Amino acid sequence: MTTIAVLPVKRFDEAKQRLGEAMRSGTRRALAEAMLTDVLTALRRARRVDGVVVVTREHGADALARAHDAQTIRDPDEPGHNPAAGEGVRWALERGARRVILVPGDCPALDPAEVDDLLLAQPHDKRVTIVPDRHGTGTNALVLCPPDAIAPAFGPGSRRRHEQLARAAGAECRVAESPSLALDVDTLEDLAALRARLDARTGGAAHTRGLLARLGRR
């Protein structure tokens with residue numbers, strides 16, 4: 001089964017606005033770049049991911065994607081995460097993908113083995129697998145088989161929304177816990193949870209670890 005990972009990535013200058021004044025714009029940009037680099041590295045190591053496409057208008061993200069053997073396509077004119085995710089899904093369908101995994105670019109603790117486990121548990125029929133965020137109400141990753149099983153509907157409360165869409169589409173719906181995918185970074189509390197996760201294990205997220213270490217010395 002051909003599986004494509006889809007990463008919608010906003011401009012680095014616009015990323016992580018909720019970190020606010022606690023982090024300067026240049027540091028937020030560097031953090032977004034470091035996290036995306038670690039996510040791309042992890043996806044390259046996932047054995048059941050056949051290809052990666054980054055949907056973005058950020059030149060830096062485009063360069064990082066190409067350096068990691070990923071494809072890039074331009075964000076659609078309609079703004080927002082969901083139109084970008086939909087554009088990536090359409091791209092994957094046009095290239096014969098039988099399954100997609102939608103992954104955020106801000107989960108640098110991503111474990112390739114957890115990605116492989118998610119995909120191994122996905123059968124070859126109509127199924128939606130939802131990976132919640134650490135709060136249990138949002139969606140951090142979505143596995144769709146086939147890729148157009150449902151339309152992505154990320155945002156606040158998206159776990160329940162995706163469950164409802166799956167039922168309406170007649171697709172089997174599975175909720176899967178994935179500790180490394182639960183840790184996206186939007187707030188200072190999220191960043192603290194990520195630090196704790198990285199401190200508790202060795203290996204992985206080298207670029208994000210390095211940046212956080214430099215920030216810790218300031």
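Helices (H or I, at least four residues) and strands (E, at least two) are DSSP runs, numbered from the N terminus. This is a predicted model, in which local features need pLDDT of at least 70 and side-chain atom pairs count only at pLDDT 80 or more, while totals for chains, interfaces and linings use all residues. Residues are numbered from 1 along each chain as its sequence is written, and side-chain values use heavy atoms, with hydrogens and water left out.

Q: Which element gives the most to the lining of the second largest pocket?
A: Helix α1 does, with 4 residues. A pocket is an open set of points on a 1 Å grid over the protein atoms alone, where a 1.4 Å probe fits, with protein on both sides within 12 Å along at least five of seven lines; lining residues have an atom within 4 Å of a point. Asp38, Thr41, Ala42 and Arg45 are among the residues that line the second largest pocket.

Q: What makes up the lining of the second largest pocket by class?
A: Ala, Val, Leu, Ile, Met, Phe, Trp, Tyr, Cys and Pro count as nonpolar, Asp, Glu, Lys and Arg as charged, and the others, Gly among them, as polar. On that basis the lining has 6 nonpolar, 3 polar and 3 charged residues.

Q: What is the volume of the second largest pocket, and how much space lies in the largest pocket?
A: A volume is the space filled by probe spheres set on the grid points, which are joined across faces, edges and corners. The second largest pocket has about 160 Å³; the largest has about 1,200 Å³. Of the 43 residues lining the largest pocket, Lys10, Lys16, His81, Asp106 and Asp186 are the closest to its centre.

Q: Why does Ala5 count as buried?
A: Buried means under 20% relative accessible area, exposed over 50%, partly exposed in between (1.4 Å probe, protein chains only). Ala5 has 0% relative accessibility, so Ala5 counts as buried. Ala5 is in strand β1 (residues 3-9).

Q: Which residues does Ala5 contact beyond four places in sequence?
A: Contact means heavy atoms within 4.5 Å. Ala5 is in contact with Leu43, Val49, Gly51, Val52, Val53 and Ile101.

Q: What makes a nonpolar core, and which residues have the most contacts inside the largest?
A: Such a core is a set of buried Ala, Val, Leu, Ile, Met, Phe, Trp, Tyr and Cys residues joined through side-chain atoms within 4.5 Å. The largest has 31 residues, and Leu7, Leu36, Leu40, Val52, Ile101, Leu110 and Leu181 have the most contacts inside it. Helix α1 gives the most to this core, with 6 residues.
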